[in-house]
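Have the viewer open and follow along.

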Amino acid sequence: MKNLKTTLTTTLLVLLCCLIFVGCNYSKGAKKDLLTGLSFNYNGFIVQDMALVDPENNRMTDNKVKLNTEIAIVALGINNYGLRDGKAFPGMSLLVTDTKGTTVLKADDLFSGDQGHPPADATELRGKITIAQPMAAGQTYHVKLRIWDKVKADNELNAETDLVVQ
């Protein structure tokens with residue numbers, strides 16, 4: 001009888017823990033695109049994928065970019081925003097440096113002063129990068145992109161890759 005009570009109690013505790021864990025809306029992970037070198041990690045957000053896209057908005061298959069073009073790092077399927085008045089308030093910073101660590105492009109918050117978005121309109125975010133002066137052909141540049149949630153402080157996504165300018 002004592003073993004039955006212990007087993008039943010243990011089973012109920014395990015079930016309760018499972019229910020608490022499933023009830024939490026928490027996401028954490030990391031991925032890397034081996035073709036482009038784009039790596040990203042996220043905490044709190046639910047993120048489907050990230051991609052490096054070319055000027056025609058096609059997923060790139062390497063990290064080589066042409067001078068005087070525009071590419072983007074695109075975050076796809078972002079969910080689990082904290083909402084204020086039913087709106088999502090993302091933040092996004094972008095930093096591009098050369099091999100010596102000198103800043104070539106820097107944006108602290110591309111959504112500064114933003115009035116918020118319906119959550120369905122904030123599931124795809126893109127950081128655009130114009131490949132132009134002072135960048136030079138034959139050089140490699142490191143890109144860091146950060147997306148955060150201005151309502152739910154724990155939500156964050158970080159991505160980085162190297163771009164080889166041709």
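Which residues does Ile129 touch, not counting residues up to four places away in sequence? Keep in mind that this is a predicted model. In it, Ile129 touches Thr69, Glu70, Ile71, Leu94, Val96, Met135, Val143 and Leu163.

Now zoom out to the setting of that residue. The largest nonpolar core has 33 residues, and those touching the most other members are Met50, Ile71, Ile129, Ile131, Leu145, Ile147 and Leu163. The elements that give two or more residues to this core are the strands β2 (39–43), β3 (49–53), β5 (69–76), β8 (90–97), β10 (125–131), β11 (140–149) and β12 (156–165). As background, nonpolar side chains tend to be buried together in soluble globular proteins.

Next, pick out the strands β3, β5 and β10. They make up an open sheet of three strands in the order β3-β5-β10, paired antiparallel. Since β3 and β10 stand at the edges with a single partner strand each, one side of each is left without a neighbour in the sheet. On average, neighbouring strands here are turned by 15 degrees against each other, direction ignored. Between β3 and β5, which run antiparallel, there are five bridges. Met50 stands opposite Ala75 in β5, and Met50 is also one of the core residues that touch the most other members.

On to the charged side chains. The count of salt bridges comes to five, and three of them are worth a visit. In one, Asp49 pairs with Arg59, with the closest N and O atoms 2.7 Å apart. Asp49 lies in strand β3 and Arg59 in the loop between β3 and β4 (64–65), so the pair ties together parts that are ten residues apart in sequence. Asp49 counts as partly exposed at 23% relative accessibility, and Arg59 is partly exposed too, at 43%.

Another salt bridge joins Lys150 to Asp109, again with the closest N and O atoms 2.7 Å apart. Here the loop between β11 and β12 holds Lys150 and the loop between β9 (103–107) and β10 holds Asp109, so the pair ties together parts that are 41 residues apart in sequence. Lys150 is partly exposed, with a relative accessible area of 34%, while Asp109 is partly exposed with 22%.

Last stop: Glu156 and Arg146, whose side chains meet in a salt bridge at 2.5 Å, N to O. Glu156 lies in strand β12 and Arg146 in strand β11, so this pair ties together parts that are ten residues apart in sequence. Glu156 is partly exposed at 27% relative accessible area, and Arg146 is partly exposed at 30%.

Methods
Residues numbered from 1 in each chain as written. Predicted model: local features only at pLDDT ≥ 70, side-chain atom pairs only at ≥ 80, totals over all residues. Heavy atoms only, no water. Core = buried A, V, L, I, M, F, W, Y, C linked by side-chain atoms within 4.5 Å. Buried < 20%, exposed > 50% of the residue type's maximum accessible area, 1.4 Å probe, protein only. Helix = DSSP H or I, 4+ residues; strand = E, 2+ residues; numbered from the N terminus. Contact = heavy atoms within 4.5 Å. Pairing = 2+ DSSP bridges. Axes fitted to C-alpha atoms, helices over the stretch in contact; angles between N-to-C directions. Salt bridge = Lys/Arg side-chain N within 4 Å of Asp/Glu carboxyl O.
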